[in-house]
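Follow the stops below in turn.

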Amino acid sequence: MSSLLDDLGATVPIIAAPMAGGPTTPALVIAAAAAGAVGFLAAGYKTADAFAEQIAAVRAAGAPFGVNLFAPNPVPVDPAEFRSYAQRLQPEGERYGLDLAQTVLSVPVEDDDHWHEKVAVLLDDPVPIVSFTFGLPPASDVRALRERGMLLVQTVTSAAEAQAATEAGLDALAVQASAAGGHSGTFTPQRIPPPTPLIELLAQVRAVTSLPLLAAGGLTTSQDVAAALHAGAVAVAVGTVLLSGDESGASAPYKRTLADPGDRQTVVTRAFSGRPARGLRNDFIDRYDAVAPLGYPAVNTLTTPLRRAAAAAGDAELINLWAGTGFRHVRAEPVETILTRLAAGV
């Protein structure tokens, strides 16, 4: 893995993690390259055409990069629980002229995030590295992507997942600790991964596989980066620390809250998406975490219009403020500056 990063022109073993839903932009990936790192585009929640356009933009800039796909691993939602949740959210929607309980969104949406179309984009226009989150990709797609020369990385959250990914023929593993912001990459979202420290998790995974390991989760200082590399990771992936970067596409209320979080802490919730994810506690989590059903992507699709409307209105209390446990190290400055500082101890 580190050899490939070198081949791409990277000078530091740091990856700008893919952050779906807006934060990761082509400009962020290009800025990461300026710091000697490698950025990953996030294909999640995009159409195949939009995904292809972002690949073209980064390729035109000559920046080294990879891409991340959400592997199909849907969690069907109970229809009755889903309808009940939509009705509970209706008062929030009414604040922004949304009818969550009566619109088509009250019918659970189960999809694969345009998986086949995005794989087709990559087969037509190969990229150096492809990573997968939420589950193992189909074996036929692993073979097809590898035949086109792409190196394949699997996000894992446990030794058992690491062993499964190794047996499935993946090339490297992104070991994601519970401290990471945003969605857990766990294969089994019905169970929230235990809060195993990253260094300990790396050791557990190393015990079952010889594949190269990337470390992710809670890495927001140069000391964090150095410790993960010392523990055997060939590279680290950082995300939360880049959220307020100049090139980040995070919304204004998201960035504003990160700049002044007050006494907020992070919690793991499924209130926004029906799948466990870590973010800053806000009113939405306080009101709905205990009643949100398990079900992805249906719950995520249900809450998307509300979150978009709240973000446009500057309301941070109704949006997902995904962030890892190191969020207090977030600074509003150029991404190149942030990554250069993180690489200082390498």
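**Stop one: helix 6.** Select residues 139-147, which make up helix 6. Here D141, V142 and L145 are buried (buried means under 20% relative accessible area, exposed over 50%, partly exposed in between, with a 1.4 Å probe and protein chains only). They sit on the same side of helix 6, because they cover an arc of only 105° around the axis. The arc is taken from the directions that run from the helix axis to the C-beta atoms. Helices (H or I, at least four residues) and strands (E, at least two) are DSSP runs, numbered from the N terminus.

Now show what the buried residues of helix 6 pack against: helix 5 (115-124), strand 4 (129-133) and strand 5 (151-156). Contact means heavy atoms within 4.5 Å. Then step just past helix 6 to G149, whose phi is positive, about 90°.

A note on the model: it is predicted, so local features need pLDDT of at least 70 and side-chain atom pairs count only at pLDDT 80 or more, while totals for chains, interfaces and linings use all residues. Residues are numbered from 1 along each chain as its sequence is written, and side-chain values use heavy atoms, with hydrogens and water left out.

**Stop two: helix 8.** Select residues 198-206. Which residues of helix 8 are buried? They are L198, L201, L202 and V205. These also cover an arc of only 105° around the axis, which puts them on the same side of helix 8. An α-helix has 3.6 residues a turn, so residues three or four places apart point the same way. The cover over the buried residues of helix 8 includes helix 7 (159-167), strand 6 (172-176), strand 8 (213-216) and helix 9 (222-230).

**Stop three: helices 4 and 12.** Select 79-94 and 298-312. The two helices pack at about 10°, with axes 11 Å apart. That makes helix 4 roughly parallel to helix 12. Show side chains: F82, Y85, A86, L89, E92 and G93 of helix 4 meet A298, V299, L302, T303 and L306 of helix 12.

Three strands run in the order 7-11-10, with antiparallel pairing. Strands pair if DSSP finds at least two bridges between them. Strand 7 (182-183) and strand 10 (266-269) are at the edges; each has a single partner strand, so one side of each has no neighbour in the sheet. Strand 10 pairs with strand 11 (residues 277-280) over four bridges. Pick T269: its bridge partner in strand 11 is A277.

Key:
Axes are lines fitted to C-alpha atoms, for helices over the stretch in contact, and angles run from 0 to 180 degrees between N-to-C directions. Angles under 35 degrees count as roughly parallel, over 145 as roughly antiparallel, 65 to 115 as roughly perpendicular and the rest as oblique.
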